[in-house]
Amino acid sequence: MKPTLAIPWLAASAAGLCLVQAQAQERIYRCGNEYTNAAEVAKSRGCTLLEGGNITIVQGTTVQRSAEPRAPSASSPPRSTAPASSPRTTSERIDPAAQRARDSDARAILEAELRKAEDRLMQAQTEYANGAPEKQGIESRNHQRYLDRVAELKAAVTRAQSDVDGIRRELGRLGGAANPAGSAAK
C-alpha cells in the first residue's frame, strides 16, 4: 500500500470503529428522572426507550446538614447581629454632634430634591394643561396620537406628584416641618 493512501484508510478505519462502538452501547431507558440500561427493570416500570445520542450523568455532591442552632450558654459571649463586615461594633456609639451633622446634610439634600421634584411637577402640570394640551403637528390629523400623548402627560404628572409626596414623607421622618412653602403648593 502506498503511504499516501494509508492516511485516508486509517481515518476511515477509525470512523468505522467509532460507529461499531456507538452501536455496541446498551439501550438506555428513562424512568421519570432516572435512567437505566436494565431492560427488565425498564419494562416493569413502564420506562421509555431513549433514541439518539449518548447519555452522560454526573453525580452531584451531597449537602451536609449542620446541627441545630444551639442556645448560647452562660459562658459563651452573645453573638452580634451586625454582619462581620460592618465598620462598627454594636458597643460603639456615634457622636451626637456628628449624627446631627449627618441629619442636617440629609435634610439639605432632601430639600434640594424636593425643590427639583416640585419644579418637575409644575412643568408636567403646565404641559398637561388639565387634560387639554394643544395639539402638535400630526396630532390634528391623528387623534389617537394626541390621546396617547395626553395619557403620557397624565402619567408624568402622577409620577411627579408621587415623587414630591415621597420626598415630603422622608422629610417628615427626619422631623420638623418638611418645607412650609412647598406644602402650600400642593
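**Reading a predicted chain**

Tutor: Let's start in the loop between α3 and α4 (143-174), where Ala-129 has its place. This is a predicted model, in which local features need pLDDT of at least 70 and side-chain atom pairs count only at pLDDT 80 or more, while totals for chains, interfaces and linings use all residues. Residues are numbered from 1 along each chain as its sequence is written, and side-chain values use heavy atoms, with hydrogens and water left out.

Student: Why does Ala-129 count as partly exposed?

Tutor: Buried means under 20% relative accessible area, exposed means over 50%, and partly exposed is in between (1.4 Å probe, protein chains only). Ala-129 has 34% relative accessibility, so Ala-129 counts as partly exposed.

Student: What makes the phi of Ala-129 worth a remark?

Tutor: Phi of Ala-129 is near 50 degrees, a positive value in a residue other than glycine. Asn-130 also has a positive phi, near 55 degrees, and is found in the loop between α3 and α4.

Student: How do you know whether Asn-130 is buried or exposed?

Tutor: The relative accessible area of Asn-130 is 78%, so Asn-130 is exposed.

Student: What makes a run of residues a helix or a strand?

Tutor: Both are DSSP runs, numbered from the N terminus: helices are H or I with at least four residues, and strands are E with at least two. The chain has 5 helices and 3 strands, in the order α-β-β-α-β-α-α-α along the sequence.

Student: Why does Thr-36 count as buried?

Tutor: Thr-36 has 19% relative accessibility, so Thr-36 counts as buried. Thr-36 is found in strand β2 (residues 34-36). Contact means heavy atoms within 4.5 Å; leaving aside neighbours within four places in sequence, Thr-36 is in contact with Arg-27, Ile-28, Tyr-29, Cys-31 and Ala-42.

Student: What about Cys-47: buried or exposed?

Tutor: Cys-47 has a relative accessible area of 16%, so Cys-47 is buried. Cys-47 lies in the loop between α2 (39-45) and β3 (48-49). Cys-47 and Thr-36 are 11 residues apart in sequence and 8.9 Å apart in space, C-alpha to C-alpha.

Student: What makes us say that a charge sits over the ring of Tyr-146?

Tutor: The rule asks for NZ of Lys or CZ of Arg within 6 Å of the ring centre and within 35 degrees of the ring normal. The charged end of Lys-135 sits over the ring of Tyr-146, 5.1 Å from its centre.

Student: How confident is the predictor over the chain?

Tutor: pLDDT is the predictor's confidence in each residue, from 0 to 100. The chain averages a pLDDT of 78, and 65% of the residues score at least 70. Over residues 178-186 the pLDDT is below 50, and beyond near neighbours in sequence this stretch has 11 contacts in the model. Where pLDDT is low, the predicted coordinates should not be read in detail.
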